[in-house]
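This report describes selected features of a two-chain structure. Please keep the sequence and the coordinates at hand while reading.

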Amino acid sequence: MRKLALLLLVGSLAVVAAGCGSKKESASGTTTAASSCAKDDLNLVTTDQLTVGTDNPAFPPWFGGTPHKPWQVSDPNSGQGYESAVAYAVAKELGFAKDEVTWKHVPFNNSFAPGPKSFDFDINQISFSPSRAKVVDFSDSYYDVNQSVVVNKGTPIASASSVAALKPYELGAQLGTTSYQFIQDTIKPSKKPSVFPQNAGAVQALKNKQIDGLVLDLPTAFYVTAVQVPNSKVLGQFAAEPGGEHFGMVFEKGNSLVKCVNTALAKLRSDGTLKQLQQQWLAKATGAPTLK
Amino acid sequence: MASEGDRRPDPEVARRSRLLEGLRLEGEGARGVAIALLSSFVFVAVVIVAVTQSAGWPEVKRAFFDWGDISNAFPDIARAFVLNVKIFLVCEVFILILALVIAVLRSLPGPVFFPLRALAILYADLARGVPTILVIALLGFGAPALQLQGVPTSRVFWAGVGLILIYSGYVAEVYRAGIESVHPSQEAAARSLGLSRFQALRRVILPQAIRRVIPPLLNDFIGLQKDTALVAVLGVIDAFNQAQIYSNSTFTYGAYLAAAALFVAITIPLARLTDWLIARDRRRQQAGSAFA
């Protein structure tokens, strides 16, 4: 027994020593803050490569092109679709050629997991919120988003024309979006809403009429009605809340790259590029009536 | 029956709980306790030091152990947990019945019943072979998609059906083990007293069989209780889904700890009940052997 206790003690001391060791190691290896936004000074996951994360499948209108393995539905490498186009435009501003941009499959949940990130930034229709910004860094807005609701044509909810008229229905949202919060805070329905872990589940539930309406961002809503759920329509969009909701790219907390991406975004905004890309890829996502 | 008792360990030893076994065997009471306390203390201290000194600890602490985060999420998750408990209790009843039918079918003797036996075996193989999450997703989205008159579209209903189908496979095997553990002479004796085959099963075999398998049955129900969280794939907001919603809106994981605490709060009493039943069963069998 004494020998065993001794062994336990020695073993545990070794663990402590290892723990301390690893701390020092990482302390010396912390990222050095880049002073300029010259390509060589950027803080990158892989040298000379801009590694951009997004989820798979990558859905239109955010991503376009024909899918190549491992990408499903569309291909971020295509440069088609709004988010892909914005990512390449930002990359160009930072000095990266098209072939120096690498796309990485980052499931939504991994984009904010603790620990070092596998991407320089993640662009995946992620809404900014103050509590999220405590954990990761967000770029400035690359798209100001409105929530909207998709319904099956000919169902009772399809004749609703105000936010209040949506109350009696069973609504759904996708996990990780701010749509659920919107349902709870603004619509306050009398039936318990549903939250689906995957787009596919949410869409299937709407098709099966297991939910009456699906709340999501307006551009995705138009894709759902056009491709995923036949005989559905965008019932309407909701007026933006004060301060608005916007999508931002997600960075590891404290990454100096944010500043440089924000500079690039500011330039793309002022020279009209962002607006032009929205015209090109999200033009359909306008003409929905506003529900009040 | 006497021989069965002989193989059991000495009752004095059997009475001691597992946790304290090593300690008591150490012999000299106080000294053993002192050593156990000291080594536990050192062990816990070392683990705490090793974890809190690790490089990632500040981030992990913020992400997982933020008290404000956990306590904010808890009330909503506790409300959602009621659904898990309901599903668990309702499914349990149906599983006990369906599994018993399957087990009895499988233990029917004679060549006439071969098709029924084969079906029961096939069922147990399939039910235990297919991942529960797949069955729930297929039933929950697939069955309502058929749009058949009278087929329920409730996702909670189909999740319950999935859990009943899967767990009946496991529980049927537990029953079967119990039935096969009853010595054939029991049935022979019952039949020689003039009981029909069914009466022998109902009055002699099953009462003995079921009493023997109560601990493993409870074991499966602890598993079932946890698997109720799988309704989340269908978008239903149970404790796990509610925790996911929180986690995704704050990018922290405290909500998962709150959900885990609720599940553990139910499983621990069940586990202790199982231990107690096993101990009681053992005592009874030993008491029986003393008379024999």
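## Terms and basis

Two strands pair if DSSP finds at least two bridges between them. Strands (E, at least two residues) and helices (H or I, at least four) are DSSP runs, numbered from the N terminus.

The model is predicted, with local features needing pLDDT of at least 70 and side-chain atom pairs counting only at pLDDT 80 or more, while totals for chains, interfaces and linings use all residues. Residues are numbered from 1 along each chain as its sequence is written, and chains are lettered from A and ligands numbered from 1 in the order in which they are written.

## Strand 7 of chain A and its neighbours

Strand 7 of chain A (residues 171-174) is joined by 3 bridges to strand 9 (residues 213-217) of chain A, and the two run parallel. Within this pairing, Val215(A) in strand 9 is the bridge partner of Ala173(A). Another 3 bridges connect strand 7 with strand 8 (residues 194-196) of chain A, again in parallel. Here Ser194(A) of strand 8 stands opposite Gly172(A). From strand 7 the chain passes through helix 3 (residues 179-187) of chain A to reach strand 8, in a right-handed β-α-β crossover; right-handed means that, with the strands pointing away from the viewer, the path from the first strand over the helix to the second runs clockwise.

Strand 7 is covered on both faces: Leu171(A) and Ala173(A) on one side, and Gly172(A) and Gln174(A) on the other, are all buried. A residue is buried if 20 or more other C-beta atoms, placed from the backbone, lie within 10 Å of its own.

## Domains of chain A

The domain assignment, which is automatic or taken from a database, divides chain A into domain 1 (39-144 + 245-291) and domain 2 (147-238). Their C-alpha centres are 25 Å apart. The contact between them takes 15 residues from domain 1 and 17 residues from domain 2, where contact means C-beta atoms, placed from the backbone, within 7 Å.

## Chain B and its interface with chain A

Chain B contains 13 helices and 0 strands. Of its 292 residues, 31% count as buried. Among contacts in chain B with a separation of 6 or more, 74% come from residues 24 or more positions apart.

In the interface, 34 residues of chain B are in contact with 37 residues of chain A. Helix 4 (29-53), helix 5 (57-64), helix 8 (132-145) and helix 12 (239-250) of chain B each give two or more residues to this side, and helix 4 supplies the largest share, 8 residues.

Technical notes: A residue is buried if 20 or more other C-beta atoms lie within 10 Å of its own, exposed if 12 or fewer, and partly exposed in between; C-beta atoms are placed from the backbone. Two residues are in contact if their C-beta atoms, placed from the backbone, lie within 7 Å.
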